[in-house]
Amino acid sequence: MAKNKNLIYIAISLVVFIVLAFLYSTPVFTGKQLFQHDIVQYRGGAKELLDYRADTGKETYWSDSMFGGMPTYQMGSQFKGDIIKNLDSKLNFFPRPVNYLFLLSAGFFLLGMVVVRNWKYALLGATFFGLSTYFYIAIAAGHNGKINTIEYFAPLLAGILLVYIRKSYIWGFIVTTLFMGLQIAANHPQMTYYLFLALGFLFLSELIRAIQKKTSMKHFLISSGIIAASCIIGVGMNSQRIMANSEYIKETVRGKQILTNDSHTGGESGMDKESMLLWSYGKLETLNLFIPRLMGGGSQEPEGKEMMAKVQEMVQENVGSQAEMDRISKGFGNLTYWGDQPGTSGPAYQGAIVCFLAFLGFFFAWKKYRYWILGASILTVFLAWGSNFMAFSDFFIDFVPFYNKFRAPSSILVVVELLFPLIAIIGLYRFFTDEKLTQAYKQKILVYVGGGTLGFILILLIFGKALLGFHTDNEKTYLPPFLLEYLVDERFKLFKIDAIKAFLYVAIAAAALFMVLKQKLNQNIALVILGAVSLFDLWSVNKRYLNDENYVDKNIAENPFQTESSDLLAGKVEENPTLGSILSSVNVNKTLETIAEKDKTHYRIFNNILGTFSETNTSYFKSSIGGYHAVKLRRYDDVINEYFQIMDSVKVPNILNLLNAKYLVLGGPEQPQAIPNPKANGNAWFVSDLKFVESPNQEIKAIGTINSKKTAVIASSDKKYFDGKPVQADSTAYINLTEYQPNELEFKSQSKTQQLAVFSEIYYPHGWKFFIDEKEVPYIKADYLLRAVHVPAGNHNIRMVFEPEVIEKGKWISLISFGLFILLSGLGIFWINKNRKKEIVVEKV
């Protein structure tokens, strides 16, 4: 009877999560969809991939849509036999973002049930976790892969704790393996990496407990073996994705440096430190886990509009010279954010009550949870500081494997957002139920932590301007006193509102707990108060960053690259300023569409209006010189940095010709101009002169100055390729593209002499195969980033096809791993049922 009652409460809790998710996302009831910047960019960049899939029913693992061409592994490619990803899709069946909000809460509910085995506390913790502000900011930005991965944080931890703490080996294996597989399938390695850094403390904690004989060494070794096997099988189920990405990552900006310059040395692995640590949390900024606008909220808070209007008015009244205007412009940054990051969409707010209960949890929780959660939380905060704690960051960059592959250390705070709700409900559960904690101890800790927290907030309210400053060093240097004082006053008001709220929320929570201690309040009512106040707090803060304005009509969300302006579209933009970018790029899109419709051959477009390397509008209509992607091929990124950061009027056109930029889109958004580039090299050409260079630095420098139609720059390491393969000029020779698919190109060539054919296709050493008259031949890199092949004299058919071997190998490993999971799970459940039947027989006897 009790078991059935518990199941009813669990079912009700899941319904609560669904209701809350839909209530938060009410526009989905009218068919509206989220308008997410990164998803808009994805739709443009993946257009060729999606079209190929729709037209052929097959998958291409290469696309020419962005940056001259790149693998599609990080662009939404699908893998045959990817059962675990299909399961992930089934679990995310609710409309976005309802799916994310539900699974975040439901996953933590499972964790709560494993840890405290009480649905009330599990429900409360799930509310704390599911409403963490960072998740809503990430959803608004379109970081869907990140949220998809975080969904599985809590249930994965639940599985591990089932093994280590609950000694439920079989169910722990099933849960751990399943959610390890799902988390890897969600495909955000950075988030998974950060979680496992934290889980290292759990492993150490269990090892120490075994050494201290608080648990048996045998249990620790068995548990560790089970968890290791679970993780291996979970990873194995994603072998296609992992093997492909592992091969790809080595050739990207996350892999080894090729060039040597002031910021890095060729051969070094990972990103340069400046790029890695650009988004580093300030030390004081960490307190916005507790007070959301301690350092301001996002760079674009609603209050910023009024502040900007007032600033402009003050400048007009008080500034009389251009020199003073120039000085002010140097000091001007983000009005509603004054932290250490270049900018931010909002704070990683955890909730005042959640943080308060977490502080209590570090005193009340069982030691088997307390110390590893504390250690992992401290590690997370230290790493989030990034460039503001260089000694610590340097150690991890230099000595901890793979840490230097990831940027934006501030995002590691997602681990705190998992651990704080967890320690909060553990501490709360013991506070209410554990008789080993004396009344006097509970009261003492509650008074100290509650009083200390409230006192800390009061100190910030009274002395905040002196302690926090409310300005940046740059602003203090360049802004005149009248502007600086105005900004400080307005920012202090923003902070004060949130600080007073935090004070009230903590006071209510402390009072509720104190009244329970004095037996003047029922425990269940106290839980309701804590849940309701925290829900109100987090809900209201989250609505600043993900609200009804983030939703648009389905037609616009799915077709963001509009080519016609209309009164209807203008009206939509007036109703929702989020859509301003769609309206402002209509004329550019129309120009791109016109080019693509008039000239259906294969070429690239250089769009210099929308931000060449931060837009995918061009990619939506035609192959682009630019694009928007965090994991570009290293060689292409090197060329961008070498030439397009400076925009040399002679060298840049040479590079554009090399990349077959047949059209340039120049001018402004209102009147874009499509300018043909008759000097573009075309899809392929023969060269008669080879320029051998000794280093990558010489190679990349040379391609900006040579006549690439006649000369190819070749690395000296490829000299052997030309043994017995002389190259001789033939003015009548030609090579033409006859068929194009993103993963297969065919050319016809004719020459009286042997030639080196250079293709305006990006060099990638894995998966591409060259065939001359259907006989496979080796190829090399030319001009730093292009493919080239030696072609004998005569008439030939040349074909290049992208057939990465890792896809087929990975498929079989994935299928075998999933089959092994099903087999072991089935055997485990059979064993459980068999033993249960034996117990029933024994009881009857």
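Helices (H or I, at least four residues) and strands (E, at least two) are here DSSP runs, numbered from the N terminus. The model is predicted, so local features need pLDDT of at least 70 and side-chain atom pairs count only at pLDDT 80 or more, while totals for chains, interfaces and linings use all residues. Residues are numbered from 1 along each chain as its sequence is written, and side-chain values use heavy atoms, with hydrogens and water left out.

I begin with the backbone. Most residues other than glycine have a negative phi, and most peptide bonds are trans.

Lys213 sits in the loop between α11 (189–211) and α12 (217–236), and Tyr784 in the loop between β16 (780–782) and β17 (786–791). Are these residues buried or exposed? Buried means under 20% relative accessible area, exposed over 50%, and partly exposed in between (1.4 Å probe, protein chains only). Lys213 is exposed, at 74%, whereas Tyr784 is buried, at 0%.

I turn now to helix packing. Helix α21 (residues 439–468) contains Leu458, which is partly exposed at 40% relative accessibility. The axes of α21 and α23 (residues 481–517) lie 10 Å apart at an angle of about 170°; the axes are lines fitted to C-alpha atoms over the stretch in contact, and angles run from 0 to 180 degrees between N-to-C directions. The two helices are therefore roughly antiparallel, a term for angles over 145 degrees.

Terms used
Parallel < 35°, antiparallel > 145°, perpendicular 65-115°, else oblique.
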